[in-house]
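Colleague: Could you take me through one part of this model in detail, the packing of the helices and the aromatic rings around it? I would like to follow it step by step.

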Amino acid sequence: MSKRDYYEILGVQKTASDADLKSAFRKLAMQCHPDRHPGDKAAETKFKELNEAYQVLSDGQKRGAYDRYGHQAFEQGGGGGPADMSDFMSDIFESFFGDGRGRGPRGANTRERGADLRYNLEIGLEEAYAGKNATIRVPTSVVCEICSGTGAKTGSKSRPCPTCGGHGRVRANQGFFSVERTCPTCGGRGEIIDDPCNGCHGAGRVTRERTLSVNIPAGVEDGTRIRLAGEGEAGLRGGPAGDLYIFLSIKPHAIFQRDGADLFCRVPIGLTSAALGGEIEVPTLNGEKARVKIPEGTQTGKQFRLKSKGMSVLRSREAGDLYIQVLVETPQKLTARQRELLLEFERESSGATHPESAGFFGRVKDFLGGLGGAA
C-alpha cells in the first residue's frame, strides 16, 4: 500500500513554514492521541502517521530529500520512522495542560518568597484624629545573620542536587508524555547543603522579634489596612521577604461617637438652662472647648452643629462636623422648698408654657371623644 503524502497528513501546503508545521502537528496530535482514544487502533495508526510525517518535514535535510524524491528517499533505512517524541510531547502537554502560573523555563530554580504577615493594632479616637507614629514589635522570620540567608555554614557552599541537576524538578516518561514533579531529594530547591548553618539549621532564616515604626495618617477609620512592603517573613535561603499588613481598630470613646468624618456628642443640660436658655461649653477632639448657645425652651433631642469640629478627613485638609445633641435632665432628690416652687410653677402653668403637652393631650381628647360618638 502506498504511503500518504506527508503534507497531506499534516494538512499543510508544501510552502508551509516550520511554525506552520509545528502548529498543525500539535493540533492534530492532540485530537488523535492514543491516551484520548484508548483501544482505538485507527487513532493509534493516525497518530503514528502524524509523528512520522512531522519527523521528516521538521528536519531541513530530510524535508529537502522528501520534496525531491518522495517516500523513496527513506525506503532503504533512510530514517523517518517514529522516533522518541517524549520531549516534544512534553511541550505539547505543558502547552495544553500547563498550570498557567507563568513559570520560567523548565528546571529554573527560584527562591521561595516569604509569607505575608498580619498585625492588629488598636488606637484611640484621638490618635485616629491627629495621626501618629506608632512603634510595634513583631515576631517574624528574618534572614540569618550568620550565613546571610544561604543556609550553609560559613566557608562552605551548597552543591547542585545530584537527582535533578539543580533544576528542582525531575521528569518521568509516561507513554508519549513526559511528566515533571518536584525533586524528592532537594524538595524543589535544586541544591543540597551538606554542612548547614548552626544558626538556622539550613533554612537561611531565624525567628526574631523586630521593632518597626508605623506612620498612621490622620483620619484613618476602623478597619484601615496599612501595608509595609518587605517587612513580612523572610524568604527561604535568600528569597524575597513578604509584606506586613497592619489592620487598625479604633477603641470606643467615652464622649464621642463617630460616623465617617462626623462626630456626635450627647450633652445633658439642666431643666432651668433648657427653659431659660444660656450657653454651655463642650469639648472637641483636639482638646479645645467650644461654646454652644442654648435658646429658651430647648427640648431633649435638639441638635446643634459645629462646623469643621469633627474628624480629620484622610489625606485631606478638610474635617467633618461635630453635632451636639442636648438631653434635658429631670431634677432628682428635690428639697421641700424645690418641690414647693415646682408645684407653684405647675399651678401657674398653661398651654403656652407646655405647647407640646397641650397639643398631645388635646388630640387624645378628640380621639377618645370620637370613639364615644361612634359607640
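Modeller: Happy to, and please keep in mind that this is a predicted model. Let's start where α3 meets α4: their axes cross at roughly 100° and come within 6 Å. That angle makes α3 roughly perpendicular to α4. On the α3 side the contact is made by Q55, V56 and L57, and on the α4 side by K62, R63 and Y66. Sorted by class, the residues of this contact of α3 with α4 are three nonpolar, one polar and two charged.

Now keep α3 in view and turn to its other partner. Helix α2 covers residues 18-32 and helix α3 residues 41-57, and the two pack at an angle of about 165° with their axes 9 Å apart. Angles over 145 degrees count as roughly antiparallel, and α2 and α3 are therefore roughly antiparallel to each other. The crossing of α2 past α3 is left-handed. From α2, the residues L21, K22, F25, L28, A29 and C32 take part; they meet A43, K46, F47, L50, N51, Y54 and L57 of α3. By class, this contact of α2 with α3 has ten nonpolar residues, one polar and two charged.

Next come the rings. The structure holds five aromatic pairs. One of them joins Y6 and Y66, which are stacked, with 4.7 Å centre to centre and 25° between the planes. Y6 sits in helix α1 (residues 6-10) and Y66 in helix α4 (residues 60-69), so this pair ties together parts that are 60 residues apart in sequence. Both Y6 and Y66 are buried. Together with Y7, the residues Y6 and Y66 form one aromatic cluster.

For a second stacked pair, look at F264 and Y323: their ring centres are 5.1 Å apart and their planes lie at 15°, so the pair counts as stacked. Here strands are involved: F264 lies in strand β11 (residues 262-269) and Y323 in strand β15 (residues 322-328), so the pair links parts that are 59 residues apart in sequence. F264 is partly exposed, with a relative accessible area of 29%, while Y323 has 18% relative accessibility and counts as buried; the cut-off for buried is under 20%.

Notes: Residues numbered from 1 in each chain as written. Predicted model: local features only at pLDDT ≥ 70, side-chain atom pairs only at ≥ 80, totals over all residues. Heavy atoms only, no water. Axes fitted to C-alpha atoms, helices over the stretch in contact; angles between N-to-C directions. Helix = DSSP H or I, 4+ residues; strand = E, 2+ residues; numbered from the N terminus. Parallel < 35°, antiparallel > 145°, perpendicular 65-115°, else oblique. Left-handed = near helix turned anticlockwise from the far one by under 90°. Contact = heavy atoms within 4.5 Å. Nonpolar A, V, L, I, M, F, W, Y, C, P; charged D, E, K, R; others polar. Phe/Tyr/Trp six-rings, centres within 6.5 Å; stacked < 30°, edge-to-face > 60°. Buried < 20%, exposed > 50% of the residue type's maximum accessible area, 1.4 Å probe, protein only.
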